[in-house]
Amino acid sequence: MSEMRRVCVTGAGGFIASWLVKLLLSKGYKVHGTIRDPSIEDTSHLMKLDKATENLQLFIADLFDYNAIKAAISGCEGVFHLASPVILTGMSDPEEEIIRPALVGTKNVLKACSEANVKRVVVAASAAAIACNPDWPQDTVLDESSWSDEKFCRETKSWYCLSKTLAEKEAFKHAQEHGLDVVTICPSLVFGPLLQSNVNHSSSLLLSFLKGSPELIEIYGSGSFVDVRDVANALLLVYEEPDASGRYICSLKQIQIADLIDMLKNIYPNFNYHNNIPEMNEVNDLSSEKLKKIGWKCRTLRETIYDSVRCYQEAGLLSME
Ligand SMILES: NC(=O)c1ccc[n+]([C@@H]2O[C@H](COP(=O)([O-])OP(=O)(O)OC[C@H]3O[C@@H](n4cnc5c(N)ncnc54)[C@H](OP(=O)(O)O)[C@@H]3O)[C@@H](O)[C@H]2O)c1
């Protein structure tokens, strides 16, 4: 019988990574998952996944701890790098809180991948590394050739966009210098049911819509969303597709936030919605054609919302209608 394929997922307990670990286990992979600090992060959901007892091994590894990262990656044919701080507001020191961890983390992970002769690394990048580009023509759909502008990100204090841009550029630089096969997935804002017990940042936005607290809306003005399960599928798709290369946008067609709220009201009329939805700036839509061409399929936003809200209700995060 052939040896089972062994891969590593960094930040395994996170929102997207948990769905990816679940998918990998279901496909028969052996998975090494890195966790920053199990005394803070509840990882019990991972060990409850089907086949986790036999095929999931957890490693404690902060992104700054090269030796710990190296130990987790050793023996793996592939790596999915998802660990990165997702913070959008309230930073007192963005350089230390988000930019350095994203960048140093990517450098450490890729260095360990090169040392371990990993065959392919799939990096969870972001549409945030594509869309903050003032030079892109208005009314033109963004594709993978667009990069967020570093100067513009600094001027507009778009620290998360900057962290994802610098980290993704670093990944491709390392790939070129060391002959490592690196592919990136750039999802827009990710919604969907939670496997983990905490509420991650993007899910807190959808929850804030349902709770009538609109303060987060302005942060995510783009109106581009994607389902967490479809992001996990995309990450595995580009890992397994031999011809995959470069960047892949992963997003549904853009909708206006007001239309999203209308959709929510239509499905769930009894929540306490906020009535004054701020006007959004015109933002370019994103094209996922490159990903679709290699076979990516996605759920409708309606299905994502339905499953997300059902999950939040079951987890007691929303009062029942
Ligand atoms: N959710 C979205 O809308 C979205 C969209 C596009 C791209 N992405 C990208 O997808 C990836 C996963 O995001 P997510 O939404 O699933 O977020 P998440 O649930 O917050 O997961 C992020 C993970 O990174 C880990 N991490 C952060 N800093 C670390 C450090 N210094 N050392 C080790 N681990 C560290 C976190 O561990 P702790 O729990 O210990 O903090 C967590 O497990 C990120 O790279 C993110 O930028 C997310």
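In the predicted model, His81 has Val123 of strand E5 as its bridge partner. Strand E5 (residues 120-124) runs parallel to E4, and four bridges join the two.

Within E4 (residues 78-81), the side of the strand to which Gly78 and Phe80 point is opposite to that of Val79 and His81; all four residues are buried.

The chain as a whole contains 13 helices and nine strands. Its radius of gyration is 19 Å, which agrees with the value near 20 Å that a compact globule of 321 residues would have. Along the principal axes, the C-alpha atoms fill a box of roughly 55 × 45 × 40 Å. Buried residues make up 43% of the 321 residues. Of the contacts with a separation of 6 or more, 76% involve residues 24 or more positions apart.

The ligand is surrounded by 25 residues, of which Gly11, Gly14, Phe15, Arg36 and Ser202 are the closest. By class, this shell comprises 13 nonpolar, seven polar and five charged residues. Helix H1 (15-26) and strand E7 (189-191) each contribute at least two residues to the shell. The largest share, three residues, is that of H1.

Notes: Residues numbered from 1 in each chain as written. Predicted model: local features only at pLDDT ≥ 70, side-chain atom pairs only at ≥ 80, totals over all residues. Near = placed C-beta within 6 Å. Nonpolar A, V, L, I, M, F, W, Y, C, P; charged D, E, K, R; others polar. Rg over C-alpha atoms; globule rule 2.2 N^0.38 Å. Buried ≥ 20, exposed ≤ 12 C-beta atoms within 10 Å, placed from the backbone. Contact = placed C-beta atoms within 7 Å. Pairing = 2+ DSSP bridges.
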